[in-house]
Amino acid sequence: MSIAAVILAAGQGTRMKSERPKVLHTVGGKPMVVRAVETAEKIGAQRLVVVVGHGAEAVTEAVRGRAEIVLQAQQLGTGHALLQAADLLRGASDLVVVLYADMPLLRPETLRELIAAQRAEAAGGLAMLTVTLADPRGFGRVVRAADGSVAAIVEETECTPEQRAIRELNAGVYVFDSAWLWQALPRIQPKSKGEYYLTDLIEIAVADGRRVIGVEVSDPEEVIGVNTRVHLAEAEAILRRRINEQHMLNGVTLIDPATTYIEESVQIGADTIIYPNVQLRGETVIGKRCVIESNSLIADSRIGDDCHIKASVIEGATLEDRVEIGPFGHLRQGAYLCEGVHLGNFGEVKNARLGRKTRVGHFSYIGDAEIGEDVNIGAGTITVNYDGVRKHKTIIGDHAFIGCDSLLIAPVVIADHARTAAGAVVTRDVPPHHIAVGVPARMRELKPPEPPEAHEG
Ligand code: UD1
Ligand code: CA
């Protein structure tokens, strides 16, 4: 059985009040349309078509290489949108799964259930997902026939008062028999505003003698359709809760899940403790028994076991085990901190390797550097890596001692066991067991202070 999936993503999403197309707004750091594509990929669709229109270029870019694209030049409704895929997909599959790109929380398992329901129905019926909600959110109402099948979907604007009271709603996910769909679709008639409603296919199917199976979703949160920024925040909160619960069940302590922001790509080891207001993003892997304290942001980084991070920003960095950072550390792309490194407050490290047990206690910039083991970097040390044109490297050997406020003018090599004195401006290599002393302060006699002016009573 072959499946084609069509994702409708051409609408403007007027109610988002945004210059950006609705489907490019992100949930959990990912554009909604990309989430829809991933859901379709997971059900093994052999063909995957995204219908673009509003903001076509940007939406196309977001799904490049993952889907075929068709353009709906004018947004004349969901039925018209699906019709744009007809030439591409007619005769191409047994089933056609249609989803709207503004449903970021739909699970692939739910789609599989819907496909199974469609296949269980003889004579090529169609299956659609429904949801029962107290707040109808402007969704189409599902009208059931006496035999329990679906007789029609009526949009809120077209409802009779009785229909308006119905709380079973159209989620906007359908599985069609392909041969029937592509010949039925052109039969949809436009509404008074010239819009073609995909949902009219239900009545057309019924008229053709095909049963329409309404499968009610067990978790209503899955089918939250995002039409406003309020809905967007709801979707975000639900996704966050799903992700956080999974980590907690895996043995991670989240002190306040409501303010813990973890993207789904992140992995965390057991017995790690995460304080409130932490963000973990992208391809981040965190080891076991770590403590990540409040106001830390970690993106695309690997953190070993038993690390302790306080209020720090870590991006594109690697930490081995037992590393301590912060408060207010900043690790940037290519920072590699070996086991037991300590980086205290206001330390910044970029494209640099810090050897085992090296300490950068306070206020330093370490960029484009290779630093050995057991090195002490004094407060205020700067690797002066940029001459205005090119970046240069600083190399510091094992057991070196860099005095406070040293300026290491790269390229420069500080040998094993070498030292620099406080305030040294180091322009030449320092050999082993030497100390670089520089810019010593000169003495001047203090002038006696002026006597204060006398004040009148
Ligand atoms: C639609 C359904 C409604 C259902 C609800 C669930 C119709 C007529 N109504 O209403 O029954 O309860 O979804 O969320 O289908 N789109 C296009 N081209 C267009 C119009 C829309 O590609 O010309 C896309 C949008 O980008 C969006 C999706 O189709 O991803 C749904 O469109 P939207 O306008 O949000 O439909 P609703 O009014 O929510
Ligand atoms: Ca919608």
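These legends describe close-up views of a predicted model.

The model is predicted, so local features need pLDDT of at least 70 and side-chain atom pairs count only at pLDDT 80 or more, while totals for chains, interfaces and linings use all residues. Residues are numbered from 1 along each chain as its sequence is written, and side-chain values use heavy atoms, without hydrogens and water.

**View 1. The cavity.** A search of the whole structure finds one cavity of 30 Å³ or more. A cavity is a set of points on a 1 Å grid over the protein atoms alone where a 1.4 Å probe fits but cannot get out. The largest cavity holds about 40 Å³ of space. That volume is the space filled by probe spheres set on the points, which are joined across faces, edges and corners.

**View 2. The lining of the largest cavity.** Lining residues have an atom within 4 Å of a point. Here they are Arg35, Ala36, Thr39, Leu99, Tyr100, Met103, Pro104 and Leu106. Helix H1 (32-42) and strand E6 (95-100) each give two or more of them. H1 gives the most, with three residues. Helices (H or I, at least four residues) and strands (E, at least two) are DSSP runs, numbered from the N terminus.

View 3. Ile202 sits in helix H8 (residues 201-207). Ile202 is buried, with a relative accessible area of 0%; buried means under 20% (1.4 Å probe, protein chains only). Beyond its neighbours within four places in sequence, Ile202 is in contact (heavy atoms within 4.5 Å) with Met128, Val150, Ala151, Ala152, Ile153, Tyr174 and Val212.

Technical notes:
Chains lettered and ligands numbered in written order. 1 Å grid on protein atoms, 1.4 Å probe; cavity = no way out; pocket = protein on both sides within 12 Å on 5 of 7 lines; lining within 4 Å. Buried < 20%, exposed > 50% of the residue type's maximum accessible area, 1.4 Å probe, protein only.
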